[in-house]
Amino acid sequence: MNVQQYMTEVGQRARAASRAMARADSAAKNRALGLIAAAIRRDAALLRTANQLDLDAARANGLAAAMLDRLTLSDKAIETMIAGLEQIVALPDPIGEISNMKFRPTGIQVGQMRVPLGVIGIIYEARPNVTVDAAGLCIKSGNATILRGGSEAHHCNQALAKLVQEGLAGAGLPADAVQVVDTTDRAAVGALITMPQYVDVIVPRGGKGLIARLIKEATVPMIKHLDGICHVYIDDQADLDKALPIAFNAKCHRYGTCNTMETLLVARAIAPQVLPALAQLYRDKHVELRADDEAGALLQGYPYLRSASEEDWRTEYLAAILAVKVVADVGAAIAHINTYSSQHTDSIVTENYSRAMRFLREVDSASVMVNASTRFADGFEFGLGAEIGISNDKLHARGPVGLEGLTSLKYVVFGHGQVRQ
């Protein structure tokens, strides 16, 4: 069977399964999620073995450290997957909810009902946890999904797919509601993004190359997950007991994630205090600082110091590299962020309420924070149970895409015999 024929059959099965999922009740969906969580806990050792096969192959192929970090399925990552499923179970089921009911002068009552999107195609790279997060959210929101994970995680994704389908079948739901593409041929992506008769929306989670290809080739609508050029701005009215841990955590908690800080902005009045203190923390992690002239002068003697170029303000490093710039004030910080940000996540550290509120209003990003690390921009941390991606788009869904982002609204009308005059 060629790839196009295989993907067509996957699409047909997904479309059929989506109809069953749309009418599934909350109890069945929650039972499926509980069974999947139990299966993952039961087979954790088998999942780690499959993940090790992927890691060995990735190292042999010279995969970058940031990608290896994403690929690794640690004990903590397995427990987080399970906790995410359990959190999704506890969330209200949005499907069938009717809102905004209003009586019209004719006597009809008009409102909106929340409904599934249908079939969601998800394309992602070396993160096996996405397989479970995406499956869980799609199940609870009454959708079917076709998952095309990166070839780097092929063994682990296939192992997880079996557990997800076991849980669906155990709850009396169609196993085809979650299908993991069983080929590493890149032609499968081309087929998936050009099947509007079977797929209602594509969610790509990958690098700029993947997104550029999909923008050019896809005939299915997309909810895009682009790069994360995230900023932390330390205001001259910041509390340093908050600012230093936030700036350290935002960069060093994990390097290979889209919500990691890539540019640090510091107000000029406080920079002589902040930058040397942060340098002490970053030195222990061997973080390379790419500084503008003003910041560089305050960081003289730092062993991993380089001069920043224009390109550094536009770069998502996903590594122990941080761009650093001294700015005049909050207005200059906002101007820099709105020029260079990828509109993912940006944070201000300040004790000044007016500046904090100005930052929230004027920074044009999907998540904007006050006195918190950018690492909190995450579906699990936001209480969504998990996320299917973090959308930089402005239409339909923005920020971490959870249950509601995987649904749409249709109008419903209740009458008692009215006809239009």
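Is C230 buried or exposed? C230 is buried, at a relative accessible area of 0% (buried means under 20%, exposed over 50%, partly exposed in between, with a 1.4 Å probe and protein chains only). The model is predicted: local features need pLDDT of at least 70, side-chain atom pairs count only at pLDDT 80 or more, and totals for chains, interfaces and linings use all residues. Residues are numbered from 1 along each chain as its sequence is written, and side-chain values use heavy atoms, leaving out hydrogens and water.

**Cysteines**

- The structure has zero disulfides (a disulfide is a pair of cysteine sulfur atoms within 2.5 Å).
- C230 is in no disulfide; the nearest cysteine sulfur, in C258, lies 6.8 Å away.
- For C156, the closest cysteine sulfur belongs to C138, 18 Å away and too far for a bond.
- C156 is buried, with a relative accessible area of 0%.

**Packing of α2 and α5**

- Helix α2 (residues 26–42) packs with helix α5 (residues 75–90) at an angle of about 165°, and their axes are 9 Å apart.
- That angle makes α2 roughly antiparallel to α5 (over 145 degrees, on a scale from 0 to 180 between N-to-C directions).
- The crossing of α2 past α5 is left-handed (the near helix is turned anticlockwise from the far one by less than a right angle).
- On α2, the contact is made by N30, L33, G34, I36, A37, I40 and R41 (contact means heavy atoms within 4.5 Å).
- On α5, the contact uses I78, E79, M81, I82, L85, E86, I88 and V89.
- The residues of this contact divide into 10 nonpolar, two polar and three charged, with Gly counted as polar.

Terms used:
Helices (H or I, at least four residues) and strands (E, at least two) are DSSP runs, numbered from the N terminus. Angles under 35 degrees count as roughly parallel, over 145 as roughly antiparallel, 65 to 115 as roughly perpendicular and the rest as oblique.
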